[in-house]
Amino acid sequence: MRTDRESLSLGRVKITRASGLLLHPTSLPGHFGIGDLGAAACQFADFLHDAGQKIWQVLPLNPTGYGDSPYQSFSAFAGNPLLISLEKLVEQGILAPGDLQGAPAFPEMQIDFGLVLDFKLPLLRKAARNFFSSAPGNDRQKYASFCRENAAWLDDYALFMALKDAHRGMVWTRWAPQAASREPAALQEWSAKLAPEIAALKYWQFEFDRQWEAVKVYCRQRKIRIMGDIPIYVAHDSADVWAHTELFHLNEEGRPRKVAGVPPDYFSATGQLWGNPIYRWDVLKASGYQWWIERFRASLRSFDMVRLDHFRGFEAYWEVPAGEPTAAHGKWVKGPGADLFSALRAALGDLPIVAENLGVITPEVEALRKQFGFPGMS
């Protein structure tokens, strides 16, 4: 990727015709079937530095859901535990070198997510048990601080994932009714029943966070800026929707009434039916866009700058009635536009955003982008 030709001031990020590369960390080389946040991530930063590059675009790093896609994530706030480096856990003494022996013959040129999950999750569970039984006191204090500071999303995410596992991976609308509807007594009961699983899930987030922080520091030392990614929509089967049903167009059973996509164009005669639930922007506005502010706040702690996916959807988005077989029979609906970005800027200051403005873009979309000084993806 390359920025626009002019010098750009993006909040904390000053860019003058910088160039960089896109590489999701899962594509880094490694011994366990998937790239991770270990030595190869730092070696890639060295490569970028030696090649005179300034930006590493990483795409979303969230836990993947349907289709193993980072754009269909179980959480807009959490990190993908599959990116945790097992070798770093050995260095910490949380795992033993022998724990990493007996890995299957992983494909060299692609990721077999099923094989990776079968090998890596038992080791991550073992790491969690070892951490809680034998980690140094200062590490456990750091873990407790992490849980307190991130409780607003971490508690819901950990309980959601533990409940999902307890219900054999089913979408949350098919769980026990009291858990699906978040009845307080049921959530308290499930939280007690699933306490070890919830603690492990929180530990994985803690470990992801500190491994990612080490990568960020290494990149910063080499003057490499990291560009993250904020998908405009979230997955229906996610902690975000389960914990905040009031923010989405859902029916009484929790299923989407309206879903996202794009209309027919020169890429597809029937458009693209993404299936993500549509936001209730009126409810979000009434709250001062607090959910979006916290989402951006979390992203800007993780990245130097962010690519804002499907930017045109914030000016107007394509809305399709749930149940339609394609995206052909939808309609354009006005999005929050400048109101949202004004609220974000008031809360967070200048926004280091690169707007994904590819495809058929209207003058209204470009006017919104230029109003806030966001560079595009030219």
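Let's start at Asp139, which sits in helix H4, covering residues 137-149 (helices, H or I with at least four residues, and strands, E with at least two, are DSSP runs numbered from the N terminus). This is a predicted model, where local features need pLDDT of at least 70, side-chain atom pairs count only at pLDDT 80 or more, and totals for chains, interfaces and linings use all residues. Residues are numbered from 1 along each chain as its sequence is written, and side-chain values use heavy atoms, with hydrogens and water left out.

Asp139 counts as buried because its relative accessibility is 15% (buried means under 20% relative accessible area, exposed over 50%, and partly exposed in between, with a 1.4 Å probe and protein chains only). Leaving aside residues up to four places away in sequence, Asp139 touches Phe131, Phe206 and Arg210; a contact here means heavy atoms within 4.5 Å.

Now for the cysteines. A disulfide is a covalent bond between the sulfur atoms of two cysteines. The structure holds zero of them, going by a cut-off of 2.5 Å between a pair of cysteine sulfur atoms. Take Cys219: its sulfur is 7.1 Å from the closest cysteine sulfur, in Cys42, so that is too far for a bond. Cys219 is also buried, with a relative accessible area of 1%, and Cys147 is buried at 13%.

Last stop, Tyr266. You'll find Tyr266 in the loop between strand E6 (258-262) and strand E7 (272-277). With a relative accessibility of 59%, Tyr266 counts as exposed.
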